[in-house]
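Please open the model in your viewer and keep the sequence alongside, so that each selection can be followed in both. The tour begins with a whole chain and then turns to a pair of packed elements.

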Amino acid sequence: MPLVFTLAFRNLFHDRLRLIATVIGIVFSIVLVMVQMGLYFGFGRMVTTMIDNASADLWVMPKGTKCFEDPSLLDARQRNRALSVPGVAEAIPVVIGFADWRTPSGSSTPVFVVGSDLRSGGLEPWNLVEGRLESLSTPNSVAVDKTYFDRLGIKGLGARAEIRQQAVRVAAVTDGIRSFTTTPYVFMDVDRARSYTGVPSSKATYFLIKLDNGSNLDAVRANLQSTLGADVEVLKPSEFRERSRQFWLFGTGAGAALFAGAILGIIVGTVIVAQTLYSSTKDHINEFATLRAMGSSRSYIYKVIIWQAILNAVIGFGLAALVGAAVVRATAASALPIVITPELSVGLFVLTVVMCIISAIAAIMKVTRIDPAQVFTR
Amino acid sequence: MSEIVMEAVNVEKVLGNGPAQIRALKGVSLSLRGGELTLLMGPSGSGKTTLLSILGCMLTPTEGTVRVRGDSIDGKGPEELAKLRRENIGYVFQSYHLFPTLSATDNVRLALDVRAESGRDAKARAREALARVGLAQKTANYPKQLSGGEQQRVAIARAVVGEPSVILADEPTAALDSENGKAIMGILAGIAKDPKRGVLVVTHDPRLVPYADRIVHIEDGNIVNEEVRNNSRSLREMLGKA
């Protein structure tokens, strides 16, 4: 083991109380950043869940649609125009909108209706745990997520309620389709969705385009755009996903708030580590002066301090990762789960190391000013 | 005559500014020769430590120069001076300045590590240096597990392990009892037997005089007397054999 590492390690563990304080500071800081970023990613994932689970090569939507939940409407005649474009196999209408769900007991709660042509398989409910998709074709049938049973005032499959004074029967149950707005999604056939939301049959919110095998996506998209005119937009799923994310994360300020929290965490962590590294360096200043007197280069001493910073980072990150894993587990079933991807973990580790190294600057400046001759007077 | 390993030529040092300014050294010239143990003696405030710091390339003189094996320190920056120190000078301090978190071996190895000499060979050399000062059985001990005399031996092993041309020792026996003081001086005298190496010991302890080949007296920033003691060599040789 390199001696410079041994020295750094021993310096760090020499004062265990200070080490504990430093590590707590780092853990606090990294967990804060982890939670904020995890919420950011979780939110980013939740806001695109419908787009992610739709079966479409292209999305046709009214121009200026900001996100999936945007209730702007298209003229249904555009569907025939879309179908006339070479390479387009299907143009599946989707209707969405908010509605009031009234339970048999008389209470009501808002729901988000998602209607799609179920024969074409455009935007069907997924993760079915009870009932069958085909049963949604029967009159008044809908699918809901079991997470929202309490909110909807129902007990399960076969439950009855009303939307817009029209009967509703739960014919299928999903698991894990949660809404970041906490408004339950209710899946159904597109015609039923029109009737439950009041959208006329001449309108639709989206057309989900499926291409013929072997068609060129970009060419069909350009053709669709010119055929459908300037009032509509034709987006790839990745583009619509990004647009939805941009709207919810930055258009609403939610992302900025999460980032602000993350930056606060970084600042707190940097200050804590800087303070403890500086005081550790000050405590060991005689040793650093001795090293300098013995002829060590400044870079040798910097290495000792930077190793201390890296060790702080590794220990702090290790514990923060454990806390983070617990937080992820605890929020997995919530409306807004904290998502920590492998990339985020790697990024956080790099951030922790960088934060700790930046924190070492004050300590490094202190040792830069060491007078080696002080070893003769102490 | 043996080679000059270090010399100070007309060194002056002014410390402080304005009315608090002090001329700590007033044109001091001193040569250290290989194979010699030189005692630098003088009362407190005479300029001993300032001269030691300048000879040790930790302070630069206001006037005059220092040469280490003929290489002048004039115009050298802090990093060049550090290189000069690690390649040519070993230090023994009054209060040892060992690293409390490192074992005796690692304390000695540090002097090699700063010279980018590491690995098994460095470890072996560190143990060998400790064996030479009589600590072969305590290589794994930490400073707090060693007596004052043993700690100073570790410091001496650290000073010599890199085979420097000059050993500068600042009051190396001041914190030790008489027996340990003698033992330490015996070791330093033994080191000074090497004709390629000069040893300078700063002290105000007259009991160290018998170990010296040369005694330099400094007072008020001036060298007031320099005495060559031919008879001491026999004592050193006797100690060396012992």
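What percentage of the 242 residues in chain B do buried residues make up? Select chain B of this predicted model and colour its residues by burial: buried residues account for 51% of the 242.

Keep the whole of chain B selected and switch to the C-alpha trace, which spans about 50 × 40 × 35 Å along its principal axes. A compact globule with 242 residues would have a radius of gyration near 18 Å, and chain B, at 17 Å, therefore agrees with that expectation. If you display the contacts in chain B with a separation of 6 or more, 69% of them are between residues 24 or more positions apart. A cartoon view of chain B brings up its seven helices and ten strands.

Next, select residues 120-132 of chain B, which form helix 4, together with residues 148-160 of chain B, which form helix 5. These two helices pack at an angle of about 130°, and their axes lie 9 Å apart. Angles over 145 degrees would count as roughly antiparallel and those from 65 to 115 as roughly perpendicular, so helix 4 and helix 5 of chain B are oblique to each other. Their crossing is right-handed.

Finally, show the side chains where the two helices touch: Ala129(B), Leu130(B) and Arg132(B) of helix 4 meet Val154(B), Ala157(B) and Val160(B) of helix 5. Classed by residue type, this contact between helix 4 and helix 5 of chain B has five nonpolar residues and one charged residue, with no polar residues.

How values were computed. Residues numbered from 1 in each chain as written. Chains lettered and ligands numbered in written order. Predicted model: local features only at pLDDT ≥ 70, side-chain atom pairs only at ≥ 80, totals over all residues. Axes fitted to C-alpha atoms, helices over the stretch in contact; angles between N-to-C directions. Helix = DSSP H or I, 4+ residues; strand = E, 2+ residues; numbered from the N terminus. Parallel < 35°, antiparallel > 145°, perpendicular 65-115°, else oblique. Left-handed = near helix turned anticlockwise from the far one by under 90°. Contact = placed C-beta atoms within 7 Å. Nonpolar A, V, L, I, M, F, W, Y, C, P; charged D, E, K, R; others polar. Rg over C-alpha atoms; globule rule 2.2 N^0.38 Å. Buried ≥ 20, exposed ≤ 12 C-beta atoms within 10 Å, placed from the backbone.
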